[in-house]
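Trainee: I would like to learn how to read a protein model. Could we go through one together, feature by feature?

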Amino acid sequence: MYTWARRFIVPALFTTSCAAMLGCIANIGGLDDEEESSGPGDGPGSGAGAAAGAGTGGSGSTGAGPGVEPTVCVPGVPRTSALPRLTKAQYDNTIRDLLGIDSQPSSMLAPDGVGSVDQRAWDGYKTAAETVAAAVMADPGARARAIPCAPEGDGAACAHQLIDTLGRRAFRRPLTDEERGRFQALYARRQELTETGSFDDGAQLIIEGFLVSPSFLMRAEINETPEGEYFALNSHEVASRLSYLLWGSMPDDALFAAADADALLTPEQILAQARRMLADPKSRGMVKAFHEHYLHMGQGTRWSNIQRDPAAFPDFDASMVPLLSEETERFIEHVVFDQAGTFQELVTTPVGFVNASLAPLYGLDAAQFNGAELVPVDLDPTQRSGLFTRLGFLVSHSGYDRTSPILRGAFLQKEVLCADIPPPPPMVEGTPLPTDESLTTNRARVDAQTAPDACKFCHHTYINPTGFALEAYDAVGAYQQTESFSGAPIDTRVSVDMGESIVELDGPVALSEAIASSPEAQRCYVRKWVSFAYEREINSEDACTVDELTARLTQGGYTVLDLIADLTQSQSFRVRALQTEVAP
C-alpha cells in the first residue's frame, strides 16, 4: 500500500539535515562516525547489553594497547557512544514487546555493524518498518494493542492519542512537542501520502514513521545535566539501559512508571528495578545468550557441527546434536534461576537433563526415561561435576573418532581461566598423531604429538594437563576408565597451571572443583560478564568493576543473579563521559 509513498515519510517527519537519515542516525546530537560504538570485544554484537558500554573507550579511556586487555583499575568513566543502534536481536525483541509482532523482522535488516548507516542499512529499516506496520493493521490483536481508541469523525483525535501512547513506548521516553507536531502533521497529510486517506492508512503511516525514527532505532543518551566531570543520565535513559541489559528489549510498564516518576537516579533505585526484572522470564533469554557466548555455542560453532565415526560410536547419531546444546542450556537455567546458584555451583553441580537418547551416555538406563523430554536427574557425583562434565562441552570438544585433550584443555585455559596463550605456530598445523604401538593411550600419543620445541612449552605446561584430566570421558562424553583401542588404563592425574598456582589433581571432578575455587576462573567469568553486558572490550575503567565484582564472587554465596544485578551499580551505568574531539 505504501511503496509509492514511503519516500515522503522521512521529509514529513524530520528536519532537512536529517531527511536522508543516512548520516542522521550516526550523527544526530553531534556524534561523528569515530565516536560511534566500535562494537563488542568479548561480548557478542547481539548481546543483551547496555549503552553503558557501546564503545571502545576512545580518548579519555585508559587502555593497554592493541590486543591486550587492561587489568589495572583506573577509576573513571570510559568515553562511549551516546547513540548505540539497536542490534538485530534487540530490534526483534522491541518490535515484539511494542507491537505484539513476533515474526523476526530483523531478517530484513543489514547485518549488525558500526559507524554511519549506509544505503543498504537504511533500505532494510524502511522495508522492515513498512512490513511490520502492515502486519499490525492486518492483525486485530496487534492493531488493538497499538491503537488505544476508536476513531470518530476525521479520526484526528484518535490519531493524536495513538501518537502519544505509541510514541512514548517506541522512543522509550515522552515525545517532545515538536515530535508530536511532526507526527500529527503526517496524519494530516494522509490523503496525499496514502492510497485512500482513511484512518487506517493514516495510522499505518504513523506506525511506520515511528519505526524509521532515529529515536526508535537508537538507544539515545543525550541528556546533558552535569554530574561532576560527567553527564548524568536521566531516568528514561537509565530505564533503557536497564531493559536492554537485562531483557534485550524495551522497558515494561513498571519501568516506564519509575522513569516517569524520575525514580531511577540512585544506585538503590536502579538495583531494586534490576532485581525485579531478573525475576521476569525475559531475563532468562539474556542469561542464555551470555552462556552461549561464554561456551562458544551456537550455529557455525563446534556445538553445531558434530560428526562421529559410526564404527567407533554406533549409538551416536545426528539427532542427538541439538540435544547436547539443549541439555546444557537447561542445566544453566536450572542452576542460575531455579537454584539461585553461584559460579561455583555452575561448575560443580552434578545434575543432568536427560532423556532416553542421552541416558546411556550418562551411564543411565534408557528404559527409565519416557519420551523425548529432558528431565532433571542426579548424576553420579564421583563422575560428573558441573558445566564442563556435561555431554555438550565434552562432545563438542572431541574429534571424529577420539577425544581431544588439546581442544578441551585449550578452551578451559583460554576461555575459562583467561590464560594468555598464543596461537600455535603455522608450521605445526596438521601434525599427525603418532600411532606407535608402544603408545597405548591417547594421552601418550598427544604428549608425543606436542613434544617438538615449537609446541612443547604451551602444550605441556598449560593445555595438555588440563585436557588430560578430562580423558575420563570418551568422544561422545561417556565415562571411561580404559582406552577403547588398547584396553590400557586411563591416567587422569595432572598438574594444572591456574595462574598463580599449580594444582595437583586427579580426574574431572577434582578439575571442576579446582576451577570453581580458582581466582583466575572467577575473575575470568566476571570479566566476560562485564564485557558482554557493557557491549565493549574491557578498558581500564571497567577493570575497576571487574575487581569489585570478583571480590564479591570469591567470598562465596554470591549468586550469578547477584552478579548480574550488580552490573547496574557501577558509576558508568548512571553517567556518561563528556564527548571530546577525536584526534584525526
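## Reading the model

Mentor: Start with one helix. R552 and E548 are 4 residues apart in helix 23 (residues 540-554), so they are separated by about one helical turn. Their side chains meet in a salt bridge, with N and O 2.5 Å apart. Keep in mind that this is a predicted model.

Trainee: Are R552 and E548 buried, partly exposed or exposed?

Mentor: To place a residue, look at its relative accessible area: under 20% is buried, over 50% is exposed, and in between is partly exposed. R552 has 29% and is therefore partly exposed. E548, with 43%, also counts as partly exposed.

Trainee: How many salt bridges does the count come to?

Mentor: The count comes to 24. One of them pairs E333 with R284, whose closest N and O atoms are 3.4 Å apart. E333 lies in helix 15 (residues 321-338) and R284 in helix 14 (residues 282-294), so this pair ties together parts that are 49 residues apart in sequence. By the accessibility cut-offs, E333 is partly exposed at 29%, and R284 is partly exposed at 30%.

Trainee: Which helices hold K528 and E415?

Mentor: First, the pair itself: the side chains of K528 and E415 meet in a salt bridge, at 3.1 Å from N to O. K528 sits in helix 22 (residues 519-534) and E415 in helix 18 (residues 405-416), so the link joins distant parts of the chain, 113 residues apart. Now apply the cut-off for burial, which is under 20%. K528 has a relative accessibility of 5% and counts as buried. E415 has 18% and counts as buried too.

Trainee: Which residues are linked in a network of salt bridges?

Mentor: R96, D97 and K282 are linked in such a network.

Trainee: What share of the contacts is between residues 24 or more positions apart?

Mentor: Counting contacts with a separation of 6 or more, residues 24 or more positions apart account for 71%.

Trainee: Which residues touch the most other members of the largest nonpolar core?

Mentor: That core has 95 residues, and those touching the most other members are L242, L246, F388, I515, Y525 and W529. Take F388 as a case. Setting aside its neighbours within four places in sequence, F388 has contacts that include Y294, L295, V347, F411, L470 and I515. Another core, of 48 residues, lies apart from the largest one; Y125, C149, A170 and F199 are among its members.

Trainee: Where is the pLDDT below 50?

Mentor: The chain averages a pLDDT of 88, and 87% of the residues score at least 70. Over residues 1-8 the pLDDT is below 50, and this stretch has 24 contacts beyond near neighbours in sequence. Residues 580-584 also have a pLDDT below 50, with 8 contacts of that kind.

Trainee: How should such stretches be read?

Mentor: Where pLDDT is low, the predicted coordinates should not be read in detail.

Definitions and conventions: Residues numbered from 1 in each chain as written. Predicted model: local features only at pLDDT ≥ 70, side-chain atom pairs only at ≥ 80, totals over all residues. Heavy atoms only, no water. Salt bridge = Lys/Arg side-chain N within 4 Å of Asp/Glu carboxyl O. Helix = DSSP H or I, 4+ residues; strand = E, 2+ residues; numbered from the N terminus. Buried < 20%, exposed > 50% of the residue type's maximum accessible area, 1.4 Å probe, protein only. pLDDT = per-residue confidence, 0-100. Contact = heavy atoms within 4.5 Å. Core = buried A, V, L, I, M, F, W, Y, C linked by side-chain atoms within 4.5 Å.
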